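Student: I would like to go through this model question by question. Please give the cut-offs as we meet each term.

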Amino acid sequence: MTSLCFEMHRYINAKVQLCSKIHHVPAAMLCVFFYILQAFVLDYYLINFLNFLYICFLVADFFVLVALVVSIIYGSTKMDRQRSAELAQTRMMFSLSWVSWLLINMNSSAKIIIIIEYNAWPLEKDPSFFGPNVFKTAIALSSCIFLFLLATQHDACLGSERRTYISDLTDNVIFDILDTVDILEVFFDKDDRALLWDGLEEVILTQATMNLLWPTVPLITLSRTHFGLDKPQRPMMYLHRLLVVLVVNIPNLLTRMVLWNGMSVDISPFTLKNIILIGIAMYEFYEHKREKLEDSRLNSLEIGNFQQKNVKRRNLGSLTDQTLKPLSNVPKISIKLKETAEKQVSEDNVESEINK
C-alpha cells in the first residue's frame with residue numbers, strides 16, 4: 001500500500017512538472033484553432049451564399065493569423081524574461097495581445113455585417129447545417145479566443161493579487177460577447193426584422209461591432225501594467241467598469257427596451273444581465289467616491305490636529321521665553337555688585353591713609 005501511494009505521488013509530481021513546462025502550449029493551440037474555425041465558418045457563409053469573390057478574405061485571415069501567432073510567441077518570451085531576477089525590475093516589454101484581438105475582430109466584424117446585411121444563410125424552406133445557429137455559434141467563438149489568448153499572456157498564480165486584478169478587468173468580456181450574439185437574434189426572424197425602424201438596423205450592427213472591439217481596452221490596460229506586475233491604480237479600474245456600463249450594457253439595455261416595448265419582440269434573459277451589471281458598477285462607483293470623501297475628511301482632521309499641536313508648542317515656547325527673561329539681568333547685577341565692591345575697597349584705602 002505504501003509503495004502504491006509512493007508511485008502515485010511520483011506520477012502526480014511528474015505530471016505537474018510536465019504541465020508546468022507546457023503551461024501555455026494547450027491554450028495557444030486552442031486559441032489558434034478557434035480562430036481558424038471562426039474564420040472558416042464566416043468565410044463559408046460569404047463564399048457559399050453570396051459570392052465566390054469573397055475568397056479574398058482568406059488573405060486578411062492569413063495576416064491576422066500571423067499577428068495572433070506572433071503575439072502569443074511574444075507573450076511567452078516576455079514571461080520568460082520577466083521570470084529572471086535581473087529584468088524583473090525593468091519590465092521593458094509590453095504585450096501585443098490587444099493588437100491581435102483588434103485585428104481579429106475588425107476582420108470578423110466586417111464579415112458579420114456583410115452576412116447580416118445580405119441575409120447570407122439558407123432560407124427556412126431549405127434548411128441546412130450552416131444556418132443561423134451555426135452563424136451565431138461562430139460569433140460566440142470570440143469569447144473562447146479571448147479566454148485562451150488572455151491565458152497565454154500571463155502566469156499569475158490563482159488567488160494572487162495579480163490574478164484578482166486581471167479577473168476584475170476581464171471577467172465580463174465573455175458575457176458581453178454572448179450578449180452581442182443575443183442582440184443579433186432579431187435579424188434571423190423575418191417578421192421581427194420587418195418591424196425594425198429605419199436606422200435601427202445600423203444602430204444594432206454598430207453596437208455589436210463596438211462590443212466585439214471593446215475588449216481591446218482592458219487588454220491595453222493590462223499591457224501597460226504588465227498584467228499586474230506594476231501596482232494597479234484603483235481609480236483606473238473603477239473608470240474601466242464605468243466605461244463598460246456606458247459602452248456595452250446601457251446601449252444594449254436601451255435597444256432591448258425599444259425592441260420589446262416598441263415592436264413587441266420577445267424579451268431576452270440578457271436584459272437582467274445588463275441591469276445587474278449596471279447596478280453593480282454604480283454601487284462600486286459610489287463606494288469609490290465615499291472612500292475618497294472619507295480619506296479627504298481624515299486628512300483634514302489630521303491637518304487640524306497638527307495645526308493645534310503647533311499652536312500649543314508655540315504657546316509653550318512663549319511661556320519658557322518669559323520665564324527666562326529674568327535670567328538675562330544676571331550679568332547686569334553682577335556688574336553692579338563688582339562696581340560697589342570696588343568702591344568699598346577704595347573707601348577703605350582712603351580711611352586707612354587718613355588714620356595714618
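Student: Is Asp 168 buried, partly exposed or exposed?

Tutor: This is a predicted model, in which local features need pLDDT of at least 70, side-chain atom pairs count only at pLDDT 80 or more, and totals for chains, interfaces and linings use all residues. Residues are numbered from 1 along each chain as its sequence is written, and side-chain values use heavy atoms, with hydrogens and water left out. Buried means under 20% relative accessible area, exposed means over 50%, and partly exposed lies in between (1.4 Å probe, protein chains only). Asp 168 has a relative accessibility of 30%, so Asp 168 counts as partly exposed.

Student: Which residue forms a salt bridge with Asp 168?

Tutor: A salt bridge is a side-chain nitrogen of Lys or Arg within 4 Å of a carboxyl oxygen of Asp or Glu. For Asp 168 the closest N and O atoms are 3.5 Å apart, and the partner is Arg 241. The pair links distant parts of the chain, 73 residues apart: Asp 168 is in helix α6 (residues 161-170), and helix α11 (residues 234-263) holds Arg 241.

Student: How are helices and strands assigned, and how many of each does the chain have?

Tutor: Helices (H or I, at least four residues) and strands (E, at least two) are DSSP runs, numbered from the N terminus. Read from the N terminus, the elements run α-α-α-α-α-α-α-α-α-α-α-α-α. The count is 13 helices and 0 strands.

Student: Which residues belong to the salt-bridge network that includes Asp 179 and Arg 256?

Tutor: Asp 179 and Arg 256 form a salt bridge, with 2.4 Å between the closest N and O atoms. This pair also links distant parts of the chain, from Asp 179 in helix α7 (residues 173-183) to Arg 256 in helix α11, 77 residues apart. Asp 179 is buried at 0% relative accessible area, and Arg 256 is buried at 5%. Salt bridges that share partners make one network of Asp 176, Asp 179, Asp 182, Arg 256 and Lys 273.

Student: Which residues have the most contacts inside the largest nonpolar core?

Tutor: A nonpolar core is a set of buried Ala, Val, Leu, Ile, Met, Phe, Trp, Tyr and Cys residues joined through side-chain atoms within 4.5 Å. Beyond four places in sequence, Phe 135 is in contact with Leu 42, Tyr 45, Ile 112, Ile 115, Ile 116 and Phe 188. The largest core has 58 residues, and those with the most contacts inside it are Phe 135 and Leu 184.

Student: What accessible area does the nonpolar surface patch containing Val 70 have?

Tutor: Patches are made of residues with over 30% relative accessible area and no salt bridge, with like charges joined within 9 Å and nonpolar side chains (Val, Leu, Ile, Met, Phe, Trp, Tyr) within 5 Å. Val 70, in helix α3 (residues 57-83), is partly exposed at 45%. Areas come from the Shrake-Rupley method with a 1.4 Å probe; for residues, only the protein chains shown count as cover. Val 59, Phe 62, Phe 63, Val 66, Val 70 and Leu 96 together have about 550 Å².

Student: How far apart are the end C-alpha atoms of residues 238-255?

Tutor: The unreviewed UniProt entry lists residues 238-255 among its "transmembrane region" spans; such annotations may be inferred rather than shown by experiment, and positions follow the numbering used here, with feature names shortened. In the model this span is 100% helix and 0% strand, and its end C-alpha atoms lie apart by 25 Å.

Terms used. Contact = heavy atoms within 4.5 Å.
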